[in-house]
Amino acid sequence: MKKVADRLAALPPYLFARIEQKIEKLQSRGIDVISLGIGDPDLPTPSHIVKALIDQAQKAENHRYPTSAGLLAFRTAVASWYRRRFGVELDPASEVVTLIGSKEGIAHISFCYLQEGDLALVPDPAYPVYGIGAALAGAEVYSLPLKGENNFLPDLSSVPVEVARKASLLFLNYPNNPTGATCDKEFFQDVVSFARHYDLIVCHDAAYSEITFDGYVAPSFLEVPGAKDVGIEFHSLSKTYNMTGWRIGWAAGNAELIKTLSSLKSNLDSGVFQAIQYAGIAALEGPQDCIEEMRRIYRERREIAVAGLKSLGWDFSLPKGTIYLWVPVPSGLTSTEFAEMVLEKSSVVVTPGIGYGKYGDGYFRISLTLATERLKEAFRRMKEAFGTLYH
Ligand SMILES: *Cc1c(COP(=O)(O)O)cnc(C)c1O
């Protein structure tokens, strides 16, 4: 067999292999493993959206190749949603492109604007696709540490001038996976000034904008004056409507960036099944009480998880967004050692923070994507195995 291309061989090693082996071993012995590691909503897609898919799937005109950029009707529904939700005006024809899930566009934007030797600014810890897309495109990645003492916001003023000058793309994500951190419009304003000053393209990932708590309402990056001059926002139906398997999202914002991304995509893919795009319209334009219900369920789970962590001795302030809790590892252990210990002693899976970058190593991530009884059982087991973890 021929050798794998360098660009693939250079990807970071898959860090969860050892943990996955251990999980398999436990399960093969008949042990019930509870995973707090799954970043995929367990709740079903609301039924009116499923029904729209069924109806549209019956229609022969939807069986043909869609356009790569997406149905204008779907892009118009996205623009209307941005107006209602954020007060942002978008031209559906030139400022919105449909994506095969936002992950697809996030990976491809790097191929539009980065070449060998270029530089991308990527938060650490982060959703891995930002850095991997940039690396596959041949670029270098400069890590922006997200630290607890800065509320998990990057300190843009600490980026060396020559790095900022050289960089082409800046990736950001609030509400943030994995930290659960949120930001305000002032932060986005600083980002726009920074991007203007150094001629950077901002790529904001807003996948969790609707999963927020305690009265916090997440802003769109595009709400800030000047944002559309410097960037785009990636968004998705995946988390808002429990549609991760459907593969539909979008990018919105600067028309030139959208045009370039659409042009790359038209050479690579043939878009999203039209019946799914119509179901997406049903999601954005149909009843929205399903979102409030989803928040209620996550809020209840969040309270159980926090009570569980407190019983292990942890004093915790709650994040205002996402389906994750980002928890410091007890002192003296790496995140991997901790995750392996928890798995061995209590058959509970937590995600080691190192999987999201080296600055994630002091933390582990818990997902709120399982039923309350399972969540309670996970913490009961940890309590039984460890008593207290924090002193
Ligand atoms: C889940 C998630 C997404 C959504 O990805 P899709 O490809 O739209 O399903 C995007 N960004 C982050 C940070 C996520 O966690």
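Predicted model: local features only at pLDDT ≥ 70, side-chain atom pairs only at ≥ 80, totals over all residues.
View 1. Helix α15 spans residues 372–386 and has 15 residues, reaching 21 Å from its first C-alpha to its last, which is close to the 21 Å expected at 1.5 Å a residue. Its buried residues are Thr372, Leu375, Ala378, Phe379, Arg381, Met382 and Phe386. An α-helix has 3.6 residues a turn, so residues three or four places apart point the same way. Among the elements that cover the buried residues of α15 are β1, α13 (289–311) and α14 (335–346), together with β10 (348–349) and β12 (363–367). The residue that follows α15 is glycine 387, and its phi is positive, near 65 degrees.

**View 2. Helix α4 and its packing partners.** Helix α4, made up of residues 72–86, has 15 residues and reaches 20 Å from its first C-alpha to its last, close to the 21 Å expected at 1.5 Å a residue. The buried residues of this helix are Phe74, Arg75, Ala77, Val78, Ala79, Ser80, Trp81, Tyr82 and Phe86. After α4 comes glycine 87, whose phi is positive, near 70 degrees.

View 3. The ligand has 14 residues around it, of which Asp205, Tyr208, Ser236, Ser238 and Lys239 come nearest. Sorted by class, this shell has 4 nonpolar, 6 polar and 4 charged residues.

**View 4. Threonine 45 in its loop.** Threonine 45 is found in the loop between β1 (34–35) and α3 (47–57), and it counts as buried because its relative accessibility is 14%, where the cut-off for buried is under 20%. A polar atom of the side chain of threonine 45 lies 2.6 Å from the backbone oxygen of asparagine 242. Leaving out residues up to four places away in sequence, threonine 45 touches Val50, Tyr241, Asn242, Met243 and Trp246.

View 5. Glutamine 274 belongs to helix α12 (residues 274–285) and, with a relative accessibility of 14%, it counts as buried. Apart from residues up to four places away in sequence, glutamine 274 touches Glu61, Asn62, Tyr65, Pro66 and Leu71. Glycine 271 lies in the loop between α11 (255–268) and α12, and, with neighbours within four places in sequence set aside, this glycine is in contact with Pro66, Thr67, Ser68 and Ile100. From glycine 271 to tryptophan 314 there are 43 residues in sequence and 47 Å in space, C-alpha to C-alpha.

**View 6. Two cis peptide bonds.** Most residues other than glycine have a negative phi, and most peptide bonds are trans. The peptide bond from aspartate 124 to proline 125, however, is cis, with omega near 5 degrees, and proline 125 is found in the loop between β3 (119–124) and α7 (129–136). Tyrosine 174 and proline 175 are also joined by a cis peptide bond, with omega about -10 degrees, and proline 175 lies in the loop between β5 (167–173) and α9 (185–198).

View 7. Phenylalanine 152, a residue other than glycine, has a positive phi near 60 degrees and lies in the loop between β4 (140–145) and α8 (161–166). Its relative accessibility is 14%, so phenylalanine 152 counts as buried. Threonine 322, which is not a glycine either, has a positive phi of about 75 degrees and lies in the loop between α13 and β9 (324–328). At 0% relative accessibility, threonine 322 likewise counts as buried.

Terms used. Residues numbered from 1 in each chain as written. Heavy atoms only, no water. Helix = DSSP H or I, 4+ residues; strand = E, 2+ residues; numbered from the N terminus. Buried < 20%, exposed > 50% of the residue type's maximum accessible area, 1.4 Å probe, protein only. Polar contact = N/O pair within 3.5 Å; in protein donor to acceptor, adjacent residues only side chain to side chain. Contact = heavy atoms within 4.5 Å. Near = heavy atom within 4 Å. Nonpolar A, V, L, I, M, F, W, Y, C, P; charged D, E, K, R; others polar. Expected span 1.5 Å × (residues − 1).
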